[in-house]
Structure formats: structure tokens, C-alpha cells
Amino acid sequence: MTEIEKMEKGLIYNPNVEEIAGIQRPLLDGLKEFNKLKSSDILEKTKYMKEVFASCGDGCYIELPFYANFGGAHVHFGNNVYANFNLTLVDDGHIYIGDNVMIGPNVTIATANHPILPEFRLKQLQYNKDVHIEENVWLGANVTVVPGVTIGKNSVIGAGSVVVKDIPANVVAVGNPCKVLREISDHDKEFFYKEERIDWDLYK
């Protein structure tokens, strides 16, 4: 089995072999050019995402700079995904981000991991586990999502959280390690911040 086949199957592999590095280098060169774009270069940003990402829906926007190990080639965006500054996607494996996901500044989503056994790390070996961020999730500033995690639809991950295991749908989860704080409830239909009420007449 080749190293790239091991990589695609989520097995331990050597990421430094030429068959992988030869794919990665031009993607990183292209990403460097992407990061030179201005905020107003919306068409050029969209063109990059449509051409380089594994898939990209409509209405997606990324504030630059943006970082990705494979330039985003293993990233799957749904529709209307918004990412704030300094999004880092360790996309050695695949990252699936659903429709209407909002990503705060300085978020890291990682698929690559290294075995705990020192002998493997001495050889710089790694393995990848895909990450799934389902529709309408909000990741707050400075959130880190580790390999293999799924975050269920509509959930909110509080700023600074480190998500080390799956998070169900329709909850607010916070902390390091990230844990469910509460379900999204009728209270959230009445208050938008502490005891400040939502004036629904403004949003009819």
C-alpha cells in the first residue's frame, strides 16, 4: 500500500514522501497568492474556493488570512459559510462544513494527528480523521476542533473551547475540554443577551 493510500484510509503514514509533498507544495503556493487578495476581491476569493476546495457551495466568504495544509483541497463547504480572520484548517484529512455555518476569528479545525508512541513520532508519522461541522453551527473565536469530531446542527461552541469529542445538535457547549452547557431553548427566543429581550417587531 502506498503512503497516499494509507493517508486516504486514515492509517498511519509518512506525510513527507514525494508523492504527497509533490501534491501539497503547489497547493500551498496557490494559497499564498490567495492570501494576497483584498477584502473587496470577492469574485477572486470565490473563484479560488470553487476551484481548489473539494467542494464549495454558493454565498461563501472567508476573511483573509486563511491557512490550510493542503490549501483547502480537502475542504467541503456547504452554502453560505462565513469564516472570520485566521481560520486554520489542517486539511490533511477531509473537513465537512455544512450550510450556514459561522466561524469566528482564530479558529483551528484539525484532522491530522500523531501517534502517542514515541517511535512513530521520531519518524514524523501521522494519521488523519475527518471532521464534520453540521449545518447552522456557530464556532466562537479561538475555538479548536480536534481530529475525528462531529458537531451537530444548530449548536453553538463558546469562544476558546477545545472540542475533543462529538457535540450533539441544538446545544450550547463551552470549555476545555468542551462540554454541553445547555440545550438551545425557548429562553433563547426571548433573550438575545443576558436579560436583554428580543424585539420581534423589528424582525418581521
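Student: In what order do the strands of the open sheet lie, and what kind of pairing do they show?

Tutor: The open sheet has 7 strands in the order β2-β5-β8-β13-β16-β18-β19, and the pairing is mixed. This is a predicted model, in which local features need pLDDT of at least 70 and side-chain atom pairs pLDDT 80 or more, while totals for chains, interfaces and linings use all residues. Residues are numbered from 1 along each chain as its sequence is written, and side-chain values use heavy atoms, without hydrogens or water.

Strands (E, at least two residues) and helices (H or I, at least four) are DSSP runs numbered from the N terminus; strands pair if DSSP finds at least two bridges between them. The edges of the sheet are β2 (61-62) and β19 (179-183), each of which pairs on one side only. Within the order given above, β13 (residues 138-139) and β16 (residues 156-157) run parallel and are joined by 2 bridges. Trp138 has Val156 of β16 as its bridge partner. Strands of a sheet pair through backbone hydrogen bonds, either parallel or antiparallel.

The sheet belongs to a chain with 5 helices and 21 strands in its secondary structure. Along the principal axes, the C-alpha atoms of the chain fill a box of roughly 60 × 40 × 20 Å. Of the 204 residues, 40% count as buried (under 20% relative accessible area; exposed is over 50%, partly exposed in between, with a 1.4 Å probe and protein chains only).

The structure holds 6 aromatic pairs (Phe, Tyr or six-membered Trp rings with centres within 6.5 Å; planes under 30 degrees apart are stacked, over 60 edge-to-face, the rest tilted). One of these pairs, Phe34 with Tyr48, is stacked, at 4.1 Å centre to centre and with 10° between the planes. Because Phe34 lies in helix α2 (residues 18-34) and Tyr48 in helix α3 (residues 42-52), the pair ties together parts that are 14 residues apart in sequence. Phe34 and Tyr48 are both buried.

In the pair of Phe53 and Phe77, the ring centres are 5.1 Å apart and the planes stand at 85°, so this pair is edge-to-face. Phe53 lies in the loop between α3 and β1 (55-56) and Phe77 in strand β4 (residues 75-77), so parts 24 residues apart in sequence are tied together. Phe53 and Phe77 are likewise buried. Ring pairs link Phe34, Tyr48, Phe53, Phe66 and Phe77 into a cluster.
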